[in-house]
Amino acid sequence: MSLGKRERVLTGVGVPYVSSPRPSRKSPNGDIFYFKVTWIRGRSRSNFKIASEEGIVMTLRLARGWAMESCVLFLCLLPQIGWAVNYKQGDPVVLYVNKVGPYHNPQETYHYYTLPVCRPKEVRHKALSLGEVLDGDRMAESLYKIHFRENTERQILCHLTLSEKEVDQLREAIEELYYFEFVLDDIPIWGFVGYMEESGFLPHSHKVGLWTHLDFNIEYNGDSVIFANVSVKDVKPVPLEEGGGGAGRGTGGSSEGLSVTHTYSVHWFESPLPHARRAERLRDYSFFPKTLEIHWLSIINSLVLVVLLLGFVIIILMRVLKNDFARYNVEEDGSCDDLDQGDNGWKIIHTDVFRFPPYKSLLCSVLGVGAQFLTLATGIIVMALLGMFNVHRHGAINSAAIVLYALTSCVSGYCSCNFYTQIHGQRWVWNIILTSSLFSAPLFLTWSVVNSVHWWSGSTQALPASTVLLLLGAWVLVGFPLTVIGGIVGKNRAGSFQAPCRTRNIPRQIPQQPWYKHTAVHMAIGGFLPFSAISVELYYIFATVWGREHYTLYGILLCVFAILLSVGACISVALTYFLLSGEDYRWWWRSILSTGSTGLFIFVYSLFYYHNRSSMSGLVQSVEFFGYSLLTAFVFSLMLGTVSFWASLTFIRYIYRSLKMD
């Protein structure tokens, strides 16, 4: 939706201790840019004088400078911790205006001042954390004058004269169910911009009205704010007619435009809830309808089915293996002259089963990045269980995810290069580069497309240049160096590949395989079963990420995550056994693809969710949804592929170590 000329807000993200606001400037085309830069003082300058006797000193200073830059970067990335703000009677309470957007498109948001509303002469923006910027927040001070525990009745906010173009802009916003978000003491306040009524067929009635009066209801306990919301009860909207005409209270029609007077009231109410528990008040109240009902029976049913499936696979597989061990070991003792290999021919490929696969560097990179995201996901869930994320810390999960991703880069480098060295890989430098770019390159490509669409539409979801540089610095100064360090450590600590069988030089010919042992069939089976284990919980996650719900069942999420990994490991072991029993030793990539195909099922589910479980529409929302859904499916494929590979490798080492062979 085009909202005319918009302000481009470049908000500096950084440590909120020593900050200096910069005045606004105008570009040659008339756009207004507001700069608010956070500075970290006290940084020492590196001495770059090149002299032979000062070489060591220069190196130390450069290292110290890099360390200081890294520390500053992490301080910028860490989310701001919201402490209780204490007020006295009559103290001003700042109300920030944030964003507006269509009700059914949660990720399509615009700055509040893009609409023709009351605004100060000089817009002052609040310094935001990284997570808030990634969430699309663009908070700015408003004209509302609110004082602690002082009621206000019918206070005039401003007088506006709306042109025909501005009236049409408001009409279009109201018809698309635009809502606004204000923030008072870190408490979000939501309300609709206007009112629309559509009724009747003959005659057809279509009424659009603008809310010009807002009632703020604020709850307090002692000297702190507990909760706040906005109401338009007993308020009549100002009708907006096409062409800029209108009539009603607080308006006046003229040839110059439509005159509107905005007013507001403030009412304070005492609350028994202490400040430490005010998140419960916001969780119980919701401006948006509660569509997320917890179906405990469905979750328990899913857990029971998964446990039964795991038990069935483990018991059957162990019984089959027990018979195989008995037959093969009896033959080695010479008690059996003839052995029907049939479906149990995995012993005769013992000289080929540990033959290293093609594309070793790519395989090791997949394992390294998958291990990184397993660590990242576990860390996020544990932090959530510890109560580090709540509704009053805007974008805290986003900030934590970026910090953890940068820190866990050493895990990917270590796991990838360590295993790459074990399987006799020679180009370890290329392996480190491939590992560092396996996820970051698709992420950058997806973000570039999504961010370009947001810039084109003027959405606040478009990241400012300062935030882009900050994220780029996090990868260049922290993520990539840690990947290199982890790779070097992994290479130096790598031992020999633990194979219980020797591999002969000439590979064995693989017999013709039946259709049910082909890669596509294994991918369908190995992807569907883990997906069925998380299908119920996946709906709640999608409703949280792509909706307006607050996810709180982190304990259940941890259980489902553990069950997902367990199912993936068991299914991979079973499929690997069936593959080896057909004398096919190409299990390396097959073990990754079989369970890693769960990501395809997740992406297919995202298509179903978009068309049948949501009301999202439009180019901006659709590009972001499908772009990041595809990226999420890729992450799940990496994680489950890593788990299934290590489960298959452990299983193969176990069965061949248990055989009596020459």
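The model is predicted, so local features need pLDDT of at least 70 and side-chain atom pairs pLDDT 80 or more, while totals for chains, interfaces and linings use all residues. Residues are numbered from 1 along each chain as its sequence is written, and side-chain values use heavy atoms, without hydrogens and water.

**Helix packing**

- Helix α9 (residues 428-457) packs against helix α10 (residues 465-492) at an angle of about 155 degrees, and their axes are 9 Å apart.
- The two helices, α9 and α10, are therefore roughly antiparallel.
- In α9 the contact residues (heavy atoms within 4.5 Å) include W428 and W447, and those they meet in α10 include W475 and F480.

**Salt bridges**

- There are nine salt bridges, each defined as a side-chain nitrogen of Lys or Arg within 4 Å of a carboxyl oxygen of Asp or Glu.
- One of them joins D137 and K99 at 3.1 Å, N to O.
- D137 lies in the loop between α2 and β7 and K99 in strand β5, so this pair ties together parts 38 residues apart in sequence.
- Both D137 and K99 are buried (under 20% relative accessible area; exposed is over 50%, partly exposed in between, with a 1.4 Å probe and protein chains only).
- R355 and D352 also meet in a salt bridge, at 2.6 Å, N to O.
- D352 is buried, with a relative accessible area of 0%.
- Salt bridges with shared partners join D352, R355 and R504 into one network.

Methods:
Axes are lines fitted to C-alpha atoms, for helices over the stretch in contact, and angles run from 0 to 180 degrees between N-to-C directions. Helices (H or I, at least four residues) and strands (E, at least two) are DSSP runs, numbered from the N terminus. Angles under 35 degrees count as roughly parallel, over 145 as roughly antiparallel, 65 to 115 as roughly perpendicular and the rest as oblique.
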